[in-house]
Amino acid sequence: MRLDRPIVFGNWKMNGLRAEGLALAGALAERAVRLSGTLGIFPPFTILHAVAQRVRETAILVGGQDCHERAFGAFTGCVSAPMLVDAGARAVILGHSERRHGLGETDALVRAKLQAARAAGLLVVLCVGETEEERLAGKCEERLRAQLEGSLPPGIGPEGLVVAYEPVWAIGTGRTPTAQDIGSTHAALRSMLKRCVVGGEEVPILYGGSVKPENAAEIMATEGVDGVLVGGASLDARAFWSIYQAGGGA
Ligand code: PGA
């Protein structure tokens with residue numbers, strides 16, 4: 001799958017009943033018949049199929065927000081990677097901090113999910129990020145390295161893989177690292193990726209955490225930032241589209 005820059009992904013989280021989800025998808029679809037960059041939306045499972053249908057004539061990528069590590073079986077309440085594909089998804093977010101911290105997902109589990117997602121042909125958006133405590137203790141890079149090494153199977157290639165750097169303390173808080181800090185963390189992630197991925201220089205690295213139309217241009221102009229993963233601001237079509245445009249997307 002070709003991922004032209006900027007890459008702008010919207011994580012709707014647990015938001016979007018059918019009517020509002022379809023209205024949001026429809027408003028984006030009008031703007032995105034053809035795209036110079038990559039625009040993706042990640043609605044909740046319940047409306048994934050309807051949203052994928054709504055944008056099927058456009059270049060918008062639709063994905064799930066998680067998947068189970070097994071393809072089928074007795075796992076009540078879970079959704080597998082082949083099920084996401086069947087519903088119209090082409091991508092999946094894995095290892096989001098709300099799952100790592102909120103639901104206790106480990107790196108080993110994220111790795112198993114990643115293998116399942118790739119086996120099903122899904123693009124994986126792998127999230128990593130440090131807590132504020134880890135950052136203040138000077139352990140940011142150590143944490144990111146552990147997450148990458150723990151979540152990426154040895155010998156993995158770059159195709160179908162995107163990494164999103166999302167500092168936990170910046171998600172939904174309105175606080176962001178400085179552009180300089182984002183740049184240096186992305187540079188550190190790049191050198192880690194060169195070690196854990198064969199061809200790791202090709203893996204796009206997104207920034208996520210309180211991205212808004214007001215800060216998107218500066219963040220996406222930062223060296224080493226290939227795009228953004230947007231939460232709250234992706235629920236408003238106009239704001240999400242202006243973030244995409246701020247990154248040079250048309
Ligand atoms: P936010 O969320 O943009 O609302 O901070 C980002 C994310 O969790 O992916």
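**Backbone and strand questions**

Modeller: P6 lies in the segment before β1 (7-11). Strands (E, at least two residues) and helices (H or I, at least four residues) are DSSP runs, numbered from the N terminus. The model is predicted, with local features needing pLDDT of at least 70 and side-chain atom pairs pLDDT 80 or more, while totals for chains, interfaces and linings use all residues. Residues are numbered from 1 along each chain as its sequence is written, and side-chain values use heavy atoms, leaving out hydrogens and water.

Biologist: Is the peptide bond from R5 to P6 cis or trans?

Modeller: The bond from R5 to P6 is cis, with omega near -5 degrees. Most peptide bonds are trans.

Biologist: What makes S210 buried?

Modeller: Buried means under 20% relative accessible area (exposed is over 50%, partly exposed in between; 1.4 Å probe, protein chains only). S210 has 9%, so S210 counts as buried. Phi of S210 is also positive, near 55 degrees, and S210 lies in the loop between β7 (205-208) and α9 (213-220).

Biologist: How do you know that β4 and β5 pair?

Modeller: Pairing asks for at least two DSSP bridges between two strands. Four bridges join β4 (residues 91-94) to β5 (residues 123-128), so by that definition they pair, and they run parallel. In β5, V125 stands opposite I93.
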